[in-house]
Amino acid sequence: MSQQRISYTVHGTVQGVNFRSFTQSKAKSLNLTGFVANTSDDKVAGEAQGSEDSIKSFLKELNNGPGAAHVVKVEKEEIKTKEGEKSFGTQ
């Protein structure tokens, strides 16, 4: 199965509501690699790599977010895959 990598940015009430740990947990459960981080403009952003089906499922999870979050929109862009990445972390 081919690998895909995306960069993503989540807009809304996404900081201070455990969004990064939620994202990391969902990514790990879908066998994705990459990272998630808070941005200086109150968004959450990162990169995720894995199968096309896993990426689609991941994006659905990001659109829902954890209970205390209010997601307004999720932007994504396909980017070049990275070799040798082994895990999904927070920054």
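Contact is defined here as heavy atoms within 4.5 Å. The model is predicted, so that local features need pLDDT of at least 70 and side-chain atom pairs count only at pLDDT 80 or more, while totals for chains, interfaces and linings use all residues. Residues are numbered from 1 along each chain as its sequence is written, and side-chain values use heavy atoms, with hydrogens and water left out.

The protein has two helices and five strands, where helices (H or I, at least four residues) and strands (E, at least two) are DSSP runs numbered from the N terminus. Their order along the sequence is β-α-β-β-α-β-β. The radius of gyration, taken over C-alpha atoms, is 12 Å, close to the 12 Å that the globule rule gives for 91 residues, so the protein is as compact as a globular protein of that length. The globule rule is 2.2 Å times the number of residues to the power 0.38. The C-alpha trace spans about 35 × 20 × 20 Å along its principal axes. Of the contacts with a separation of 6 or more, 78% are between residues 24 or more positions apart. The accessible surface, from the Shrake-Rupley method with a 1.4 Å probe, is about 5,200 Å², and 42% of it belongs to carbon and sulfur atoms.

An unreviewed UniProt entry carries the annotation "domain: Acylphosphatase-like" for residues 5-91; such annotations may be inferred rather than shown by experiment. Over residues 5-91, the chain is 28% helix and 41% strand, with the end C-alpha atoms 18 Å apart.

Buried residues (under 20% relative accessible area, with exposed over 50% and partly exposed in between; 1.4 Å probe, protein chains only) make up 43% of the 91 residues. In soluble globular proteins, nonpolar side chains tend to be buried together. A nonpolar core is a set of buried Ala, Val, Leu, Ile, Met, Phe, Trp, Tyr and Cys residues joined through side-chain atoms within 4.5 Å. The largest such core has 19 residues, and those with the most contacts inside it are Tyr-8, Val-10, Phe-19, Ala-48, Phe-58, Leu-62 and Phe-88. Two or more residues each come from strand 1 (3-13), helix 1 (19-29), strand 3 (44-51), helix 2 (52-64) and strand 4 (70-79). Helix 2 gives the largest share, four residues.

In helix 1, the buried residues include Phe-19, Phe-22, Thr-23, Gln-24 and Ala-27. The cover over the buried residues of helix 1 includes strands 1, 2 (33-38), 3, 4 and 5 (88-90), together with helix 2. Just after helix 1, Asn-31 has a positive phi of about 60 degrees.

Asn-31 is also among the residues touched by Gln-49, which is placed in strand 3. Gln-49 is buried, with a relative accessible area of 8%. Its side chain makes a polar contact of 3.0 Å with the side chain of Arg-5 and reaches the backbone nitrogen of Lys-82 at 2.8 Å. A polar contact is a pair of N or O atoms within 3.5 Å; within protein, one must be able to donate a hydrogen and the other to accept it, and residues adjacent in sequence count only if both atoms are side-chain atoms. Not counting residues up to four places away in sequence, Gln-49 also touches residues including Gln-3, Leu-32, Ile-55 and Glu-85.

His-11, in strand 1, is buried at a relative accessible area of 14%. Leaving aside neighbours within four places in sequence, His-11 is in contact with Lys-43, His-70, Val-71, Val-72, Lys-73 and Glu-75. The C-alpha atoms of His-11 and Asp-42 are separated by 7.9 Å, with the two residues 31 apart along the chain.
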